[in-house]
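Q: I'm new to this one. Can you put it up and walk me through it?

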Amino acid sequence: MRQSENLRLRLRQNFSESLMDATEFYDAKYIRERFRMSESTLYRYIRDNRFPEPIRYGKDRLWPRSVIDDFERRLAELSRKSYRVALH
């Protein structure tokens with residue numbers, strides 16, 4: 001069994017089915033690379049409620065893809081609003 005399948009099975013046993021509808025999870029390394037931030041910055045943003053909380057599974061911290069996609073959409077909306085305000 002592949003590692004991702006094994007992890008998905010373990011998560012399915014511990015979290016609600018609605019959460020598991022998210023088909024993909026991102027780990028902290030991927031999040032740091034995607035948003036170009038250090039580990040300390042990522043966890044500071046989480047602590048300050050500036051970034052979504054991860055799901056903790058043992059030592060792993062995972063983010064459902066849907067949560068990250070929603071977060072990016074909100075960032076894009078804020079960016080567009082800020083740009084419009086700056087133009088006026």
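This is a predicted model: local features need pLDDT of at least 70, side-chain atom pairs count only at pLDDT 80 or more; totals for chains, interfaces and linings use all residues.

Q: Okay, how many helices and strands does the protein have?

A: The protein has 5 helices and 3 strands. Helices (H or I, at least four residues) and strands (E, at least two) are DSSP runs, numbered from the N terminus. Along the sequence the pattern reads α-α-β-α-α-β-β-α.

Q: And what share of the residues is buried?

A: Of the 88 residues in the protein, 26% are buried. Buried means under 20% relative accessible area, exposed over 50%, and partly exposed in between, with a 1.4 Å probe and protein chains only.

Q: How do α3 and α4 pack?

A: Helix α3 (residues 28–35) packs on α4 at an angle of about 95 degrees, and their axes are 10 Å apart. That makes α3 roughly perpendicular to α4. Axes are lines fitted to C-alpha atoms, for helices over the stretch in contact, and angles run from 0 to 180 degrees between N-to-C directions. Under 35 degrees counts as roughly parallel, over 145 as roughly antiparallel, 65 to 115 as roughly perpendicular and the rest as oblique.

Q: Which residues meet there?

A: Ala28, Ile31 and Arg32 in α3 meet Glu39, Leu42 and Tyr43 in α4. Contact means heavy atoms within 4.5 Å. By class, the contact of α3 with α4 has 4 nonpolar, no polar and 2 charged residues. Ala, Val, Leu, Ile, Met, Phe, Trp, Tyr, Cys and Pro count as nonpolar, Asp, Glu, Lys and Arg as charged, and the others, Gly among them, as polar.

Q: Switching to rings. How many aromatic pairs are there?

A: Rings of Phe, Tyr and Trp (its six-membered ring) pair if their centres lie within 6.5 Å; planes under 30 degrees apart count as stacked, over 60 as edge-to-face and the rest as tilted. By this rule there are 5 aromatic pairs. One of them is Tyr26 with Tyr30, which is stacked, at 4.3 Å centre to centre and 20 degrees between the planes.

Q: Is Tyr26 buried or exposed?

A: Tyr26 is buried, at 7% relative accessibility. Tyr30 is partly exposed, at 34%.

Q: What about Phe51 and Trp63?

A: Their ring centres are 6.2 Å apart and their planes are at 80 degrees, so the pair is edge-to-face. The pair links distant parts of the chain, 12 residues apart: Phe51 is in the loop between α4 (39–47) and β2 (55–57), and Trp63 is in strand β3 (residues 60–64). Phe51 is buried at 5% relative accessible area, and Trp63 is buried at 0%. Phe35, Phe51, Trp63 and Phe71 form one aromatic cluster.

Q: Why look at Arg36 and Asn49?

A: Most residues other than glycine have a negative phi. Arg36 is not a glycine, yet has a positive phi of about 50 degrees. Asn49, also not a glycine, has a positive phi of about 60 degrees.

Q: Where are they found?

A: Arg36 is in the loop between α3 and α4 and is exposed, at 79% relative accessibility. Asn49 is in the loop between α4 and β2 and is exposed, at 65%.

Conventions
Residues are numbered from 1 along each chain as its sequence is written. Side-chain values use heavy atoms; hydrogens and water are left out.
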